[in-house]
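Open the model and keep the sequence beside it.

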Amino acid sequence: MIKERYQRVLLLCFFGLVGVYMFNLPSFLVIILLGITAGYFSYQEAKERESIEKVENARLHTQIQNVTFQADIRQEQLAALISNLPMPLILLDRNGEVLLFNDSFAEFRQSKEQRRLTYVHNDFERPVYRFIFDATLFEREIRKTIVVHEKEYEAYSEPLFKNNQFSGCVIVFQDITKIKRQEALQKQFIADASHELKTPISAIKGMVEILNREGFNDEEIRKDFLEQIEYENSRLERIVYDLLQLSRLSSEQLVMKRESCDVTQIIDASIASLSYKANKKGLQIQTNYENKEPIFVDPGQMQIVINNLISNAITYSDHGVITVSTLYRGDSYVIEVKDEGRGISKEDQERIFERFYRTDKARSRVSGGSGLGLSIVKSVLDAHNAQLVIESEVDKGSSFQIWIKN
Ligand code: ADP
């Protein structure tokens, strides 16, 4: 641009000199002409610059608009993200003034009133208020477990700094009730399993000690003890086997090997293996195969389920008939194991799937059960998306129905 202007000035001077010396034009006229030409050139230049600036301005304007639009979108996205975060979150400034809190945080407020909040407000639930107070006061990272409305939260405060000065903090509350409950269940399960294993081990230990005593020579007791040791040993085996089975089922790695199979064959195999146990108690097992269609299940796992249900029907019946049926119920295939035994109360029906839960502890232990049979049944059926329906009346009998959608 400067170079062009310099060339133009030189050119004008040249024409000025030519005008004065070759055409003898009066110098004032030459100066006026030169002035007009220079003015024209600068006008053109200004116009050109103006149009360039206009284009540049328009470009900048669109760019700024884009950036602010994107910033607006980002801000909106951030606001939507924070407000929809499932965990309660609150942002405070250095004076404890609440700058922002999300929808989930609302459950920590006692009133729904829209007003300016600070950490000293009584509006927060007590444990939340105390945590926020500490976070604002100590100006450092704080982690603490608090309980609000019977839910456990891991509260975490992260301080924010600007130019090395505390400028506020962001606090999040993670609901850990489920994790804690899971932990408690796990502990309970380990305690129950240890207790279940300890009982037969202690019994065996006691009997072996007596048998080993010097001078012990009672043949009748020896025989009785050896029989009991054998019984306790098989109970131990059963518990360990069921524990392994349950652990495999809950590890989520177990893939059901489903195939089209005839369930009536699985039922027949179960009855054959349990007929000795039923005969010993004088119980009769009958079948009613109304539905003989093949279904898509894991035959090995289904064998375990049916074994458990028939075995329970035998264990918890002292008389009557046990009927195993296959039925059509709408679009479902139903397998029913029905007994006329002691039945299960409504309250117990809700709990019998819990590990080691027994309606009559003493009697169930004598029967040799592990207390895990129905938990295993439930896990296998869950993995098949099948339902287990119980109909039972105390002293009348029980019906366990497996509903499988075809
Ligand atoms: P167990 O090894 O004790 O039989 P289960 O998990 O198979 O464990 O069953 C849990 C409890 O449910 C049993 O202890 C028993 O009290 C009750 N139960 C299961 N099946 C029947 C049934 N057919 N009739 C009555 N009670 C039953």
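**From hairpin to helix**

Start at the hairpin formed by β1 and β2, which has four residues between its strands. Gly 96 sits in the turn, with a positive phi of about 85°. Helices (H or I, at least four residues) and strands (E, at least two) are DSSP runs, numbered from the N terminus. The model is predicted: local features need pLDDT of at least 70, side-chain atom pairs count only at pLDDT 80 or more, and totals for chains, interfaces and linings use all residues. Residues are numbered from 1 along each chain as its sequence is written, and side-chain values use heavy atoms, with hydrogens and water left out.

β1 and β2 run antiparallel and are joined by three bridges. Two strands count as paired if DSSP finds at least two bridges between them. Leu 92 stands opposite Val 98 of β2.

Now widen the view. Which strand order does the open sheet have? Its five strands run β2-β1-β5-β4-β3, with antiparallel pairing. β2 (98-101) and β3 (142-148) are the edges; each has a single partner strand, so one side of each lacks a neighbour in the sheet. On average, neighbouring strands are turned by 20° against each other, direction ignored.

Seven bridges tie β3 to β4 (residues 151-162), and the two run antiparallel. Here Thr 145 faces Glu 154 of β4.

Helix α3 (residues 126-138) lies across β1 (89-93), β3, β4 and β5 (165-175). Contact means heavy atoms within 4.5 Å. α3 runs at about 165° to β3. Axes are lines fitted to C-alpha atoms, for helices over the stretch in contact, and angles run from 0 to 180 degrees between N-to-C directions.

Next, move along to α6 (residues 263-280). Its 18 residues reach 26 Å from first C-alpha to last, close to the 26 Å expected at 1.5 Å a residue. That expected span is 1.5 Å times one less than the number of residues. Where does α6 bend? The bend is at Leu 274, by about 50°. This is the angle between axes fitted to the seven residues ending there and the seven starting there.

Several α6 residues are buried, among them Val 263, Ile 267, Ile 271, Leu 274 and Ala 278. Buried means under 20% relative accessible area (1.4 Å probe, protein chains only). The buried residues of α6 pack against β6 (259-261), β7 (284-289), β8 (295-297), α7 (299-315), β9 (321-329) and β10 (332-338). Just after α6, Gly 282 takes a positive phi of about 70°.

Terms used: Buried means under 20% relative accessible area, exposed over 50%, partly exposed in between (1.4 Å probe, protein chains only).
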